[in-house]
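Q: Could we go through this structure together? I would like to begin with the sheet and its strand pairing.

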Amino acid sequence: MNEIDCLIIGGGPAGLTAAIYLARYRRRVVMVDDGRSRAALIPLSHNLPGFPQGIAGTELLQQLRMQAARYQVPVQHGRVQALQHQEGEFLAQLENGEALHVRSVLLATGVADKQPQPAISNWAAAVKHGCVRLCPICDGFEVIGQDIAVIATAANRVAHALFLRTYTSRLTLYCFNADLPLDAAEKAQLREAGIAWLDEPIAEIMFSGCMQPAIRLESGHTHTFDAIYPMLGETGRSALATSLGAASDDDGELVVGNKQCTSIPGLYAAGDVVNTLNQISVAFGQAAIAATDIHNHLHRNPVRYGDLQRCG
């Protein structure tokens with residue numbers, strides 16, 4: 001177990017990319033993945049460079065897994081329950097009782113989306129279908145001209161609506177907040193942009209048999225849409241890092257340096273768990289940077305005679 005150069009926690013785009021890089025650096029890597037990659041919910045991504053026809057999240061993950069498998073990256077399915085930092089190394093406790101001693105750790109655990117209240121019962125199915133959308137940067141282009149609802153908290157509610165106004169004029173902002181109602185300046189911004197708003201409490205978010213979303217208000221009025229954007233933020237899955245004292249923002253997303261290292265030496269982070277732009281292309285870049293810095297900080301691993309072989 002002392003031979004493990006890096007433990008990668010999380011098997012999404014960032015984790016798999018880092019595994020590929022480190023394996024090609026001829027490092028001994030172990031990945032632990034619990035199968036919760038947010039990328040698996042993407043119905044079809046059209047903004048990922050290199051895929052002009054788009055690619056589903058599940059297909060992208062499968063391609064990355066196949067690429068990592070070429071370099072014989074071992075993947076353990078499950079969770080890391082606890083992480084300890086001692087004498088320049090890390091001890092990871094897995095849920096199956098196994099303990100791993102590793103020289104470095106890359107956290108690629110992503111985020112959990114905050115749901116509206118009342119919650120959407122069939123959340124995963126609605127996101128996979130595309131009637132609930134999470135990222136207008138990723139897919140705003142796909143809703144051009146559609147009838148869109150935005151559910152937002154007081155923070156950035158108008159900014160979120162104005163961003164989506166780039167793509168459609170049929171836009172309604174749901175922003176009920178008894179403690180912080182829309183002020184005159186916010187209403188003026190919305191009115192000038194031609195954005196409707198409703199500040200009544202939501203009673204239920206429903207879906208028809210063909211997955212058309214509808215919002216029923218406590219007053220009894222129901223409004224149907226083509227898609228809903230719950231712009232409520234995310235929570236970083238960063239407890240393993242913050243338990244060691246790693247710096248994070250108010251949403252639990254990790255603060256890293258320009259080489260993706262957290263405030264704990266040897267503990268790196270990449271992808272959505274980092275407090276930066278949540279995009280797959282960004283996760284790819286962060287993973288490459290982190291993996292290269294991990295390699296450069298580990299002991300040298302020069303090739304030996306008789307060890308000159310490639311994986312194909």
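A: A definition comes first: two strands pair if DSSP finds at least two bridges between them. Please keep in mind that this is a predicted model.

Q: What is the bridge partner of A149 in β9?
A: The partner of A149 is T172. The strands concerned are β8, residues 148–152, and β9, residues 171–174, which pair in the parallel sense over four bridges.

Q: In what order do the strands of that open sheet run?
A: The order is β10-β9-β8-β14, four strands with parallel pairing. Strands β10 (196–198) and β14 (227–231) stand at the edges and have a single partner strand each, so one side of each is left without a neighbour in the sheet. On average, neighbouring strands of this sheet are turned by 20° against each other, direction ignored.

Q: Changing topic: how many salt bridges are there in the whole structure?
A: A search of the whole structure finds 12. As background, side chains of opposite charge can pair when their charged atoms come close.

Q: Which residue does R103 form a salt bridge with?
A: R103 pairs with D5, and the closest N and O atoms are 2.8 Å apart.

Q: What about R79, which residue is its salt-bridge partner?
A: That is D34, with the closest N and O atoms 3.4 Å apart. R79 sits in the loop between β3 (75–77) and β4 (80–86), while D34 sits in the loop between β2 (29–33) and α2 (57–70), so the pair ties together parts that are 45 residues apart in sequence. R79 is partly exposed at 40%, and D34 is partly exposed at 33%.

Q: Where does D139 come in, and what does it form a salt bridge with?
A: D139 forms a salt bridge with R133, the closest N and O atoms being 3.3 Å apart. D139 counts as buried at 14% relative accessibility, and R133 counts as buried at 16%.

Q: Which residues are linked in a network of salt bridges?
A: The network links R38, D113, E234 and D272.

Q: What is L22 in contact with, leaving aside its neighbours within four places in sequence?
A: L22 is in contact with C6, I8, R27, V29, A291, I294 and H295.

Q: At what angle do α1 and α8 pack?
A: The angle is about 35°, and the axes are 8 Å apart. The crossing of α1 past α8 is right-handed. Residues making the contact include P13, A14 and Y21 of α1, and F284, A287 and A291 of α8.

Definitions and conventions:
Residues are numbered from 1 along each chain as its sequence is written. This is a predicted model: local features need pLDDT of at least 70, side-chain atom pairs count only at pLDDT 80 or more; totals for chains, interfaces and linings use all residues. Side-chain values use heavy atoms; hydrogens and water are left out. A salt bridge is a side-chain nitrogen of Lys or Arg within 4 Å of a carboxyl oxygen of Asp or Glu. Helices (H or I, at least four residues) and strands (E, at least two) are DSSP runs, numbered from the N terminus. Buried means under 20% relative accessible area, exposed over 50%, partly exposed in between (1.4 Å probe, protein chains only). Contact means heavy atoms within 4.5 Å. Axes are lines fitted to C-alpha atoms, for helices over the stretch in contact, and angles run from 0 to 180 degrees between N-to-C directions. A crossing is left-handed if the near helix is turned anticlockwise from the far one by less than a right angle, and right-handed if clockwise.
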